[in-house]
Amino acid sequence: MVGYDNIPEAAYVWSPSTTVRQDFGEAGRRALELLVTQIEGEPRTGTLVAREPELVARGSSGPPA
C-alpha cells in the first residue's frame, strides 16, 4: 500500500504507510511568483517547472516475499 501527500499520521498507523512526499511550500512559492509576474504584466516564459516527489518507504511496502 502506498499513500500520497505524506500526512503526519502515515508514520504512526499500523503498518506505517509508504507515501509520496511533495514540497508544497516550494509549489506555493512558485505559484505566487508566477502570479506576481502576471499581475506586473511581464510576459510568461512558457517554461513548466516540475518538482521531483520523494518516495518515503515505510512498513506497508517492501521486497517481494
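Reader: What separates Arg-29 and Glu-26 in helix H1?

Author: About one helical turn, because Arg-29 and Glu-26 are three residues apart in helix H1. Helices are DSSP runs of H or I with at least four residues, strands are runs of E with at least two, and both are numbered from the N terminus. The model is predicted: local features need pLDDT of at least 70, side-chain atom pairs count only at pLDDT 80 or more, and totals for chains, interfaces and linings use all residues. Residues are numbered from 1 along each chain as its sequence is written, and side-chain values use heavy atoms, without hydrogens and water.

Reader: What does Arg-29 form with Glu-26?

Author: The general idea is that side chains of opposite charge can pair when their charged atoms come close. A salt bridge is counted when a side-chain nitrogen of Lys or Arg lies within 4 Å of a carboxyl oxygen of Asp or Glu. Arg-29 and Glu-26 form such a salt bridge, with 3.5 Å between the closest N and O atoms. Glu-26 is partly exposed, at 22% relative accessible area. The classes are buried under 20% relative accessible area, exposed over 50% and partly exposed in between, with a 1.4 Å probe and protein chains only.

Reader: How many salt bridges does the rule count?

Author: The count is three. Another of them joins Arg-30 to Glu-33, where the closest N and O atoms are 2.5 Å apart. Both residues belong to helix H1 and stand three residues apart, about one turn of the helix. Glu-33 is partly exposed, because its relative accessibility is 46%.

Reader: Which residue forms a salt bridge with Glu-54?

Author: Arg-21 does, and the closest N and O atoms are 3.0 Å apart. This pair links distant parts of the chain: Arg-21 is in strand S1 (residues 19-21) and Glu-54 is in strand S2 (residues 54-56), 33 residues apart. Arg-21 has a relative accessible area of 34%, so it is partly exposed. Glu-54 is also partly exposed, at 41% relative accessibility.

Reader: In what order do the elements of the protein chain run from the N terminus on?

Author: The order is β-α-β, from one helix and two strands.

Reader: What is the radius of gyration of the protein chain, against that of a compact globule of 65 residues?

Author: The radius of gyration is taken over C-alpha atoms, and the globule rule is 2.2 Å times the number of residues to the power 0.38. For 65 residues, a compact globule would come near 11 Å, whereas the protein chain has 17 Å. Along the principal axes, the C-alpha atoms fill a box of roughly 55 × 25 × 10 Å. Of the 65 residues, 14% count as buried.

Reader: What share of the contacts with a separation of 6 or more falls to residues 24 or more positions apart?

Author: A contact means heavy atoms within 4.5 Å. In the protein chain, residues 24 or more positions apart account for 55% of the contacts with a separation of 6 or more. Gly-59, in the segment after S2, is in contact with Ser-15 and Pro-16 once neighbours within four places in sequence are left aside. The C-alpha atoms of Gly-59 and Ala-27 are 28 Å apart, at 32 residues along the chain.

Reader: Is Gly-59 buried or exposed?

Author: Gly-59 counts as exposed, because its relative accessibility is 53%. Thr-45, in the loop between H1 and S2, is exposed at 66%. Leu-32 sits in helix H1 (residues 24-39) and is exposed, with a relative accessible area of 52%. Its C-alpha atom is 16 Å from that of Arg-51, which is 19 residues away along the chain.

Reader: How many positive and negative side chains does the protein chain have?

Author: Lys and Arg count as positive and Asp and Glu as negative, while His and the chain ends are not counted. Each charge is placed at NZ of Lys, CZ of Arg, CG of Asp or CD of Glu. The protein chain has 6 positive and 9 negative side chains, and the centres of the two sets are 2 Å apart.
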